[in-house]
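User: I am new to this structure and would like to learn how to read its features. Could we go through them in turn?

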Amino acid sequence: MISLFARLYLYPQKKLVLVDEPELSLSIDWQRRILVDIVNAPLCEQVVAITHSPFVFDNALEPFATPLRLKIDHSTRSFDLSSEEEEESDVD
């Protein structure tokens with residue numbers, strides 16, 4: 001975490017943060033805060049987080065959290081990546 005926040009605050013370039021399971025080894029309180037703290041870093045442009053924890057988005061970021069779905073068509077060797085939000089809008 002020290003390395004992550006050092007890079008967020010001490011290096012002058014804008015950042016896109018990709019993080020896989022940010023909750024590992026964190027208490028539930030820290031799980032709720034970690035992404036909010038990352039997003040609030042002045043040079044953070046965007047965060048993409050992959051998680052299994054129900055607590056990581058139990059905060060102000062919850063409206064922005066959506067699961068992704070990958071559909072694979074083996075006959076055409078193609079795939080479609082969409083979020084549940086996109087699937088719901090397709091129904092309308």
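User: How many residues apart are Asp29 and Arg32 in helix α2, and what does that spacing amount to?

Analyst: This is a predicted model, so everything that follows is read from predicted positions. Asp29 and Arg32 are 3 residues apart in helix α2, which means that about one helical turn separates them. Their side chains meet in a salt bridge, at 3.9 Å from N to O.

User: Is Asp29 buried or exposed, and is Arg32 exposed or partly exposed?

Analyst: A residue counts as exposed when its relative accessible area is over 50%, and as buried when that area is under 20%. Asp29 has 52% relative accessibility, so Asp29 is exposed. Arg32 has 28%, so Arg32 is partly exposed.

User: How many salt bridges are found in the whole structure?

Analyst: The search finds 3. Asp37 and Arg33 are 4 residues apart in helix α2, so about one helical turn lies between them. Asp37 is partly exposed, with 28% relative accessibility. Through shared partners, salt bridges join Asp29, Arg32 and Asp58 into one network.

User: Where do nonpolar side chains tend to be in soluble globular proteins?

Analyst: They tend to be buried together. Here, the largest nonpolar core has 13 residues, and those touching the most other members are Phe5, Leu8, Val17, Ile34, Leu35, Ile38 and Cys44. Two or more core residues come from each of α1 (2-10), β1 (15-20), α2 (28-39) and β2 (44-50). Helix α2 gives the most to this core, with 3 residues.

User: Which residues does Phe5 touch, leaving out those up to four places away in sequence?

Analyst: With those sequence neighbours left out, Phe5 touches Ile34, Asp37 and Ile38.

User: Is Gln31 buried or exposed?

Analyst: Gln31 lies in helix α2. A relative accessible area of 8% is under the 20% cut-off, so Gln31 counts as buried. Sequence neighbours up to four places away aside, Gln31 touches Glu23, Leu26, Ser53, Phe55 and Val56.

User: Turning to pockets, what is the volume of the largest pocket, and which residues lie nearest its centre?

Analyst: The largest pocket here has a volume of about 480 Å³. Its lining has 15 residues, and Val47, Ala49, Phe57, Phe64 and Ala65 lie nearest the centre. The elements giving two or more residues to that lining are α2 and β2. Strand β2 gives the most, with 5 residues.

Notes. Residues numbered from 1 in each chain as written. Predicted model: local features only at pLDDT ≥ 70, side-chain atom pairs only at ≥ 80, totals over all residues. Heavy atoms only, no water. Core = buried A, V, L, I, M, F, W, Y, C linked by side-chain atoms within 4.5 Å. Buried < 20%, exposed > 50% of the residue type's maximum accessible area, 1.4 Å probe, protein only. Contact = heavy atoms within 4.5 Å. 1 Å grid on protein atoms, 1.4 Å probe; cavity = no way out; pocket = protein on both sides within 12 Å on 5 of 7 lines; lining within 4 Å. Points joined across faces, edges and corners; volume = space filled by probe spheres on them. Salt bridge = Lys/Arg side-chain N within 4 Å of Asp/Glu carboxyl O.
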